[in-house]
Amino acid sequence: VQLQASGGGLVQAGGSLRLSCAASGSIFSISDMRWYRQTPGRQRELVATISNGYITNYADSVKGRFTISRDNAKNTVYLQMNSLKPEDTAVYYCNTDRVLTSGGAFYDYWGQGTQVTVSS
């Protein structure tokens, strides 16, 4: 099983980006999916969570600007980021508590990260 994140890049303040994280493999189901971000010297920060039942939660710093969604048929989670600010600059990681596959269950699974840079 792999989590492949994509969609990062360089954008001006006020712009938008859409991140994707696709799980590949013989997957039966994926539990809660999350986006985290990390900047050098700082702890990884939870940005947004979406449950298997599409319940969402956001960090206060991104509420009203970011939207997390998922497509269970594609085993993919998205993060639409609007009104980006320089302080949103970070490496963004996707994560899930559990992936149930034909080969068993895998826990606390992480994608490889995608860089988002917002210029002022």
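## The β8-β9 hairpin

In the hairpin of strands β8 and β9, 4 residues lie between the strands, and N75 takes a positive phi near 50°. This is a predicted model: local features need pLDDT of at least 70, side-chain atom pairs count only at pLDDT 80 or more, and totals for chains, interfaces and linings use all residues. Residues are numbered from 1 along each chain as its sequence is written, and side-chain values use heavy atoms, with hydrogens and water left out. Strands (E, at least two residues) and helices (H or I, at least four) are DSSP runs, numbered from the N terminus.

Strand β8 covers residues 66-71. Strand β9 covers residues 76-81. They pair in the antiparallel sense over 6 bridges; pairing requires that DSSP finds at least two bridges between two strands. R70 stands opposite V77 in β9.

The side chains of β8 alternate. F66, I68 and R70 point to one face and are buried. Buried means under 20% relative accessible area, exposed over 50%, and partly exposed in between (1.4 Å probe, protein chains only). In a regular strand the side chains alternate between the two faces of the sheet.

β3 and β9 run antiparallel, joined by 6 bridges. A22 has T76 in β9 as its bridge partner.

## The disulfide

The structure holds 1 disulfide, defined as a pair of cysteine sulfur atoms within 2.5 Å. C21 is joined to C94, with an S to S distance of 1.9 Å. The link of C21 and C94 is right-handed, with 50° about the S-S bond. C21 lies in β3 (residues 17-24) and C94 in β10 (residues 90-101), so the pair ties together parts that are 73 residues apart in sequence. Both cysteines, C21 and C94, are buried.

## Aromatic pairs and charges over rings

The whole structure has 2 aromatic pairs. Rings of Phe, Tyr and Trp (its six-membered ring) pair if their centres lie within 6.5 Å; planes under 30 degrees apart count as stacked, over 60 as edge-to-face and the rest as tilted. The rings of Y36 and W110 have centres 4.9 Å apart and planes at 50°, so this pair is tilted. Y36 lies in β5 (residues 33-38) and W110 in β11 (residues 104-110), so the pair ties together parts that are 74 residues apart in sequence. Y36 is buried at 17% relative accessible area, whereas W110 is partly exposed at 31%. The rings of F106 and Y109 have centres 5.9 Å apart and planes at 75°, so this pair is edge-to-face.

Charged ends also sit over rings. R18 sits over the ring of Y78, its charged end 4.0 Å from the ring centre. The charged end of R44 sits over the ring of W110, 4.6 Å from its centre. The criterion is NZ of Lys or CZ of Arg within 6 Å of the ring centre and within 35 degrees of the ring normal.

## Overall build

The protein has 0 helices and 12 strands. Buried residues make up 41% of its 120 residues. The C-alpha trace spans about 45 × 25 × 20 Å along its principal axes.
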